[in-house]
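I set out to record, entry by entry, what I looked up in this structure. The notes follow the order of my reading.

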Amino acid sequence: MANDLNPLRAEARVERTPDPCTVVIFGASGDLAKRKLVPALFNLARERRLPGGFSIVGYSRSPLSDEALRALMYEAVVRFSSSGPPTAAEWESFAAGMFYCQGGYDDVAGYTRLKERLAAIDAERGTSGNRIFYLSTPPSLIGPIMDTLGASELARSAPGSWTRIIIEKPLGYDLKTAQELNAHISRIFDESQVYRIDHYRAKETVQNIVAMRFANGIFEPVWNRRYIDHVQITAAEAVGVEGRGGYYEGSGAVRDMLQNHLLQLLALVAMEPPISLEADAIRDEAIKVAKAIRPLVPSEVDAHAVRGQYTAGWVGGKAVPGYREEEGVSPTSTTETYAAIRFEIDNWRWAGVPFFLRSGKRMTKRAAEIAVQFRQVPMRLFSTTEADLHEPNLLVMKIQPDEGLTLRLAAKLPGHAIHLRSVNMEFRYGTSFGVRSSEAYERLLLDCMFGDATLFTRRDMVETGWALMMPILDHWAASGERNLHFYEAGTWGPEAANRLMDEGRAWRR
Ligand code: NDP
Ligand code: BG6
């Protein structure tokens with residue numbers, strides 16, 4: 001670091017390492033472990049962020065050995081590591097801490113072998129009984145895994161060490177199942193041990209929302225109903241269901257994206273300033289504003305929420321099939337691949353300001369952003385002729401791709417006459433800091449090792465999210481195909497979504 005000539009780059013790296021520990025990945029043979037978890041752990045190791053002796057134990061039913069798991073993960077890291085493939089020396093050192101334990105998810109004998117393996121690793125590698133259990137399995141296995149961890153006495157921390165559990169989405173299928181899941185978790189683990197994943201919270205640009213709002217004096221005074229006309233929160237994807245048709249059929253855009261990721265974004269944009277950056281200080285403010293969102297009543301759903309499903313079309317110059325033709329999808333499916341909702345927040349700061357949320361698959365392009373549209377100036381001093389092409393101020397927080405911030409301003413065109421144009425002031429992460437942003441899973445795994453739950457979802461937020469979505473989901477479930485709007489793949493979603501945009505507002509393209 002001493003010879004790093006770019007002070008910003010040096011600043012951007014935070015050098016801290018957690019206690020030595022072992023991460024146990026249940027479902028290690030699966031997609032998430034290969035695509036995200038092990039590549040993320042490898043990147044952390046490469047950047048020397050992991051503690052000495054750090055170990056991984058893969059646990060699943062597949063017949064693998066330590067060596068076979070290492071070979072499988074080598075291929076995964078070569079393919080999916082965002083910092084490039086490992087050198088021989090890097091891989092040798094990382095793989096030396098990787099082990100496999102075969103067993104069923106409710107098999108006490110398998111967990112006994114796991115416990116013995118963990119004790120041996122503690123002795124050999126100095127991991128001191130500190131463990132993270134990562135549940136990277138289908139949700140139906142969460143209950144059996146937790147029960148068997150409890151029965152095998154793996155859920156409790158030994159004196160002087162810690163035990164944590166990471167639970168993947170989906171966190172329930174509806175409010176009732178989410179409440180049951182949370183009650184189940186709390187019978188076996190203390191809430192302080194539980195880390196519920198919402199990978200959007202850990203995106204660099206999402207964390208920047210808090211920094212931008214509360215580390216700059218200029219935004220907070222105008223961050224309210226007097227100056228802001230509306231807010232649009234978008235997570236558009238160009239991809240389809242990517243071989244996850246079976247999962248998506250039981251989910252849809254609201255369960256998959258809005259109930260969790262988009263609500264988290266809304267909470268960060270709309271919450272009051274927290275009293276500190278402690279996990280619960282931020283989560284307390286987030287839940288307070290989430291609870292102030294006015295739930296739709298059934299008679300409002302058709303006017304304030306729109307669902308869509310993509311048909312065949314063209315994305316990025318390639319012909320793609322419609323949702324109903326995807327593998328694992330019913331030819332008469334009514335699952336929504338697009339959803340848009342208009343919410344209002346009943347509190348002093350936001351009364352009357354609509355928040356528009358939308359997410360869809362197979363849209364024109366990948367674009368996740370929060371657009372804060374300010375009100376027009378109170379007096380039109382400048383004429384509105386052809387040559388005065390400007391719009392009200394707009395602040396766009398770009399979450400991905402092209403991570404950064406854009407502020408739209410009106411400026412005078414050069415020349416004698418006074419004519420206005422909209423111009424953009426830009427901040428780009430890539431060019432400003434020149435370092436690779438951590439992947440969300442890198443950040444989440446490291447934070448869990450530190451015991452920092454700030455970026456993880458608390459029980460009350462999960463249930464509040466479901467409570468807000470239930471009137472919409474119930475209404476759609478009872479509607480058959482009636483209010484399902486089809487849209488061609490490669491477009492911005494169904495035309496019907498435009499009707500949510502009242503008073504001359506328009507969706508961003
Ligand atoms: P997989 O379907 O790949 O399952 C993981 C492993 O669990 C499998 O390799 C298999 O291991 C075991 N398994 C699968 N189905 C069953 C079953 N019916 N009974 C017993 N064991 C089974 O899941 P993913 O890795 O894709 O996802 C893991 C979790 O992460 C899920 O909760 C998912 O919702 C979530 N997630 C995944 C994302 C992704 O991109 N994949 C993105 C966001 C969240 P074995 O047979 O060897 O025991
Ligand atoms: C996951 C959803 O939570 O988020 C996927 O299950 C979706 O359907 C993904 O594609 C989007 O994440 P990202 O980080 O690619 O925007």
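**Domains**

I looked up the spacing of the domains first: the centres of domain 1 and domain 2, taken over C-alpha atoms, are separated by 34 Å. I noted that domain 1 covers 22-168 and domain 2 covers 204-449 + 458-500, with bounds that come from an automatic or database domain assignment.

I noted that this is a predicted model, in which local features need pLDDT of at least 70 and side-chain atom pairs count only at pLDDT 80 or more, while totals for chains, interfaces and linings use all residues. Residues are numbered from 1 along each chain as its sequence is written, and chains are lettered from A and ligands numbered from 1 in the order in which they are written.

I then asked how many residues of domain 1 are in contact with domain 2. I found 12, and they meet eight residues of domain 2; contact requires C-beta atoms, placed from the backbone, within 7 Å. On the side of domain 1 that touches domain 2, helix H2 (31-46) and strand E5 (163-167) each supply at least two residues. H2 gives the largest share, six residues. Helices (H or I, at least four residues) and strands (E, at least two) are DSSP runs, numbered from the N terminus. I recorded the classes on this side of domain 1 as six nonpolar, three polar and three charged. Here Ala, Val, Leu, Ile, Met, Phe, Trp, Tyr, Cys and Pro count as nonpolar, Asp, Glu, Lys and Arg as charged, and the others, Gly among them, as polar.

**Sheet**

I traced an open sheet of six strands in the order E3-E2-E1-E4-E5-E6, with parallel pairing; strands pair if DSSP finds at least two bridges between them. Its edge strands are E3 (98-102) and E6 (194-196), each of which pairs on one side only. I looked up E4 (residues 131-135) and found five bridges to E5. Ile132 stands opposite Arg164 in E5.

**Helix H2 and helix H3**

I noted that the axes of H2 and H3 (residues 66-80) come within 9 Å and cross at roughly 85°; axes are lines fitted to C-alpha atoms, for helices over the stretch in contact, and angles run from 0 to 180 degrees between N-to-C directions. H2 is therefore roughly perpendicular to H3, a term for angles of 65 to 115 degrees. Among the residues that meet are Phe42 in H2 and Phe80 in H3.

**Ligand 2**

I listed Lys169, Glu237, Asp256 and Ala368 around ligand 2, each with its C-beta atom, placed from the backbone, within 6 Å.

Terms used: Contact = placed C-beta atoms within 7 Å. Parallel < 35°, antiparallel > 145°, perpendicular 65-115°, else oblique.
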